[in-house]
Amino acid sequence: MIIIKEGKKQSEVHPKSEKFKMIAKTMFGLEEALAEELKALGAEEITPVTRAVTFVGTMETLYKANYCCRTALAILKPFAEFEANNDKELYDNVYRIQWEKILDVDCTFFIESAANSKIFTNSYYAALKTKDAIVDRFRAMFGRRPSVESENPTYRFNIHIYNNRVTLLMNSSGESLHKRGYRQAVGIAPINEVLAAGMIQLSGWKADCSFFDPMCGSGTILIEAAMFANHIPAQYYRRGFGFMRWKEFSTLDWKRVKEWADRQICEFDYDIWGSDIDLNVLEQAEKNLKFAKLHHDVMLYHESIETKEPPEGKCMIITNPPYGERIAVDDLNQMYTMIGNTFKNLYGDGKTAWLITSDFEAMKNIGLHPSRKIHLFNGPLECRFLKFDLYSGSKKDHYAKNNE
């Protein structure tokens, strides 16, 4: 049972039976995709905001969101909200929260902070004052205090300050949900797993045709595609979550959620292929696929994008070519010209290609007009996710054929 402070009053929340508000953090541009995932899991009052989605559900919803959502970075549970107009009010309000209902003196905790406020201009200092209030309350009550631990704490808390409004949240995920647990080896610039999953969802692929990544690197996009196609939960390979250390954690409820999700795993009827010119990163991809037991579902080819044809028939192509930021490329313009020529000359009707890039000048050398551009970020890099509808022959002949 957790005590939530609301002004001068306090109300009790019974997490197993009551619904409560949650916040799912995500990457810029993936908010709508995450909202759709939460809707499919039975979440209510879903509202996309910048880099997050707010929703309402029960503890079961919280378990499902952590285990199943491919585009979530963390699931946060707000538990206290108040106004603070200076450091003392922040400290006093945090001190009054009944932390002993949440933590034990033998627990460890860590506080992450974000502030958009003229009052609290240093988010680290706000986190430090919050920490001081928590440990001072424990010292006053028990003569002992829980310790701060950044690597693997029992509890992760978030403090968010907007102007003078302070919200405290519990991070139910623990480590970021992009850490799926299947990566055994990575290349120089691996794409974030959440971004890869988000790109697949944004592409509109419904696992109703083959899939191909012609510049696959260590295989993150391929693995996310295979997991999506086989209905393997996003965190199937992960060992644990933050909520498992909470006092309110129910092993029985968690087991029921996990069994429900795992029962949906199925076979995929089409091909998933990946190719790369770099044998070293292909070996890393193979290692990751074997760990995930997906090496029978995904075929890898040591071949250049210029020569490797995709699977026959309808096919979704998604790739993350080098940007020249973390992987050196001799001539980005030439590389993008080559990609465009490959799309035009090697890929034919029934295929859709998407690529993500941060080089807005070099991408013009593709020589094809994208039918869609989506604004995303790959880490700190502002990117465009570009869609190309591919066909054989001229544009005039293509439209004439489709309008017959």
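**Stop 1: a surface patch**

Select Tyr-124, Tyr-125 and Leu-128. Together these residues make a nonpolar surface patch of about 310 Å². Bear in mind that this is a predicted model. Tyr-124 sits in helix α4. Tyr-124 counts as exposed because its relative accessibility is 61%, and the cut-off for exposed is over 50%.

**Stop 2: along helix α4**

Now select residues 123-142, which form helix α4. How far apart are the end C-alpha atoms of α4? They are 29 Å apart. At 1.5 Å a residue, the 20 residues should span 28 Å, so the two values agree.

Look at the start of the helix. A side-chain oxygen of Asn-122 comes to within 3.0 Å of the backbone nitrogen of Tyr-124. Then go to the other end. Just after α4, Gly-143 has a positive phi of about 75°.

Next, color the buried positions of α4. Among them are Ala-126, Ala-127, Lys-129, Thr-130 and Lys-131. Ala-133, Ile-134, Val-135, Arg-137 and Phe-138 are buried too. Which elements do the buried residues of α4 pack against? Show α3 (87-96), β7 (108-116), β8 (147-148), β9 (155-162) and β10 (165-171).

**Stop 3: Arg-137**

Stay in α4 and pick Arg-137, which is found in this helix. Is Arg-137 buried or exposed? At 12% relative accessibility, Arg-137 counts as buried, since the limit for buried is under 20%. Show its contacts, leaving aside neighbours within four places in sequence. Arg-137 touches Tyr-95, Arg-96, Ile-97, Gln-98, Trp-99 and Glu-100.

**Stop 4: helix α1**

Move to residues 31-40, helix α1. Its buried residues are Glu-31, Ala-33, Leu-34, Ala-35, Glu-37 and Leu-38. Step just past α1 to Gly-42, where phi is positive at about 95°.

**Stop 5**

Most residues other than glycine have a negative phi. Two residues to check here go the other way.

- Select Ala-207. Its phi is positive, about 60°, although Ala-207 is not a glycine. Ala-207 lies in the loop between α5 and β11 (210-213). With 17% relative accessibility, Ala-207 counts as buried.
- Select Lys-293. Phi is again positive at about 60°, and Lys-293 is not a glycine. Lys-293 is in the loop between α8 (279-291) and β13 (298-302). Its relative accessible area is 66%, so Lys-293 is exposed.

**Stop 6: salt bridges**

Side chains of opposite charge can pair when their charged atoms come close. How many salt bridges does the model hold? The count comes to 22.

Start with Lys-77 and Glu-248. They form a salt bridge whose closest N and O atoms are 3.0 Å apart. Lys-77 lies in strand β6 (residues 74-83) and Glu-248 in the loop between α6 (220-229) and α7 (251-262), so the pair ties together parts 171 residues apart in sequence. Both Lys-77 and Glu-248 are buried.

Go to helix α7. Asp-262 and Lys-258 form a salt bridge there, with the closest N and O atoms 3.0 Å apart. Both lie in α7, 4 residues apart, about one turn of the helix. Lys-258 is partly exposed, at 28% relative accessibility.

In helix α8, select Lys-290 and Glu-286. Their side chains meet in a salt bridge of 3.9 Å, N to O. These two are also 4 residues apart in α8, about one turn of the helix. Lys-290 is partly exposed at 46% relative accessibility, and Glu-286 is partly exposed at 38%.

Finish the charges with Glu-81, Glu-83 and Arg-165. A network of salt bridges links them.

**Stop 7: Tyr-336**

Select Tyr-336, in helix α9 (residues 332-345). At 0% relative accessibility, Tyr-336 counts as buried.

**Last stop: the whole protein**

Zoom out. The protein has 10 helices and 17 strands. Of its 404 residues, 51% count as buried. Among contacts between residues at least 6 apart in sequence, 76% join residues at least 24 apart. Now show the surface. The accessible area comes to about 19,400 Å², and 47% of it belongs to carbon and sulfur atoms.

Methods. Residues numbered from 1 in each chain as written. Predicted model: local features only at pLDDT ≥ 70, side-chain atom pairs only at ≥ 80, totals over all residues. Heavy atoms only, no water. Expected span 1.5 Å × (residues − 1). Buried < 20%, exposed > 50% of the residue type's maximum accessible area, 1.4 Å probe, protein only. Contact = heavy atoms within 4.5 Å. Polar contact = N/O pair within 3.5 Å; in protein donor to acceptor, adjacent residues only side chain to side chain. Patch = residues over 30% accessible without salt bridge, like charges linked within 9 Å, V, L, I, M, F, W, Y side chains within 5 Å. Areas by Shrake-Rupley, 256 points an atom, 1.4 Å probe, with all protein chains shown as cover. Salt bridge = Lys/Arg side-chain N within 4 Å of Asp/Glu carboxyl O.
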